[in-house]
Amino acid sequence: MKTLVQQVAELWWLVLLRGISVLVLGFLFLTAPGATIATLAVFLGAYWFVDGIFSIVAIFVTKSEIPWGWSLLNGILGILAGLIVLKHPLTSALIVPAMVVILIGINGLIRGAISLYEGLKGAGASAIVSGVLSLLLGLLLLARPIIGVAALPFTLGILGVVGGIILIVNALKLRKLA
């Protein structure tokens with residue numbers, strides 16, 4: 001009988017494929033940021049559209065704990081958002097990253113406030129520093145979202161290249177265990 005580690009190690013090739021995909025996407029963000037964002041906006045629109053259809057179909061074919069009204073609302077919003085993005089892909093390539101930056105800014109404010117509170121309650125100086133930096137980043141992104149939108153493809157590109165390399169290295173380590 002194989003151990004869990006051996007069973008996971010047999011799937012090393014999936015980790016490798018993911019690593020290669022993330023690495024390629026990272027290079028695309030760094031070398032052709034506009035085209036990559038526009039392409040991803042179209043894929044996102046198609047995903048929202050199909051997901052919206054499946055959300056509505058799921059009302060009739062599954063028994064979910066989620067009230068059917070929420071599934072219907074989710075489905076309608078998904079279909080509408082998908083259609084809007086697919087009908088206006090270039091505009092969406094600007095609006096979707098802006099929304100991501102705004103959400104990251106809000107997240108920075110929330111996380112910063114929590115870290116600052118925890119630091120002041122005894123979690124230490126690192127929590128205070130982290131909280132202040134998160135608050136400042138959140139405020140910067142909300143005050144000047146265009147800066148975040150301009151930096152987003154390059155940030156995603158760097159994260160993609162680094163993350164892809166890490167996944168590829170981990171896949172090769174898993175292969176040795178298989």
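Reader: Which helix gives the largest share of the nonpolar patch?

Author: Helix 2 does, with four residues of the nonpolar patch. The model discussed here is predicted.

Reader: What makes up this nonpolar patch on the surface?

Author: The patch is formed by Ile20, Val24, Leu25, Leu28, Leu40 and Phe43, which together have about 500 Å² of accessible area. Two elements, helix 2 (12-31) and helix 3 (33-61), each give two or more residues to the patch.

Reader: Why is isoleucine 20 called partly exposed?

Author: Isoleucine 20, a residue of helix 2, has a relative accessibility of 40%. Buried would require under 20% and exposed over 50%; the value of 40% lies in between, and isoleucine 20 is therefore partly exposed. Patch membership requires over 30% relative accessible area, and isoleucine 20, at 40%, is one of the patch residues.

Reader: Why is threonine 36 called buried?

Author: Threonine 36 lies in helix 3 and has a relative accessible area of 7%. The cut-off for buried is under 20%, so threonine 36, at 7%, is buried.

Reader: Which residues is threonine 36 in contact with, leaving aside its neighbours within four places in sequence?

Author: Threonine 36 is in contact with Leu25, Leu28 and Phe29. Contact here means heavy atoms within 4.5 Å. Leu25 and Leu28 are also among the residues that form the nonpolar patch.

Reader: What makes isoleucine 106 partly exposed?

Author: Isoleucine 106 is found in helix 5 (residues 89-123), with a relative accessible area of 36%. Since partly exposed covers the range between the buried limit of 20% and the exposed limit of 50%, the value of 36% makes isoleucine 106 partly exposed. Isoleucine 106 and leucine 141 are 35 residues apart in sequence, with 8.5 Å between their C-alpha atoms.

Reader: Where in the protein chain is confidence lowest, and where is it highest?

Author: Confidence is lowest in helix 1, at a mean of 81, and highest in helix 2, at 95. The protein chain has an average pLDDT of 91, and 100% of the residues score at least 70.

Key
Residues are numbered from 1 along each chain as its sequence is written. This is a predicted model: local features need pLDDT of at least 70, side-chain atom pairs count only at pLDDT 80 or more; totals for chains, interfaces and linings use all residues. Side-chain values use heavy atoms; hydrogens and water are left out. Buried means under 20% relative accessible area, exposed over 50%, partly exposed in between (1.4 Å probe, protein chains only). Patches are made of residues with over 30% relative accessible area and no salt bridge: like charges are joined within 9 Å, nonpolar side chains (Val, Leu, Ile, Met, Phe, Trp, Tyr) within 5 Å. Accessible areas come from the Shrake-Rupley method with a 1.4 Å probe; for residues, only the protein chains shown count as cover. A salt bridge is a side-chain nitrogen of Lys or Arg within 4 Å of a carboxyl oxygen of Asp or Glu. pLDDT is the predictor's confidence in each residue, from 0 to 100.
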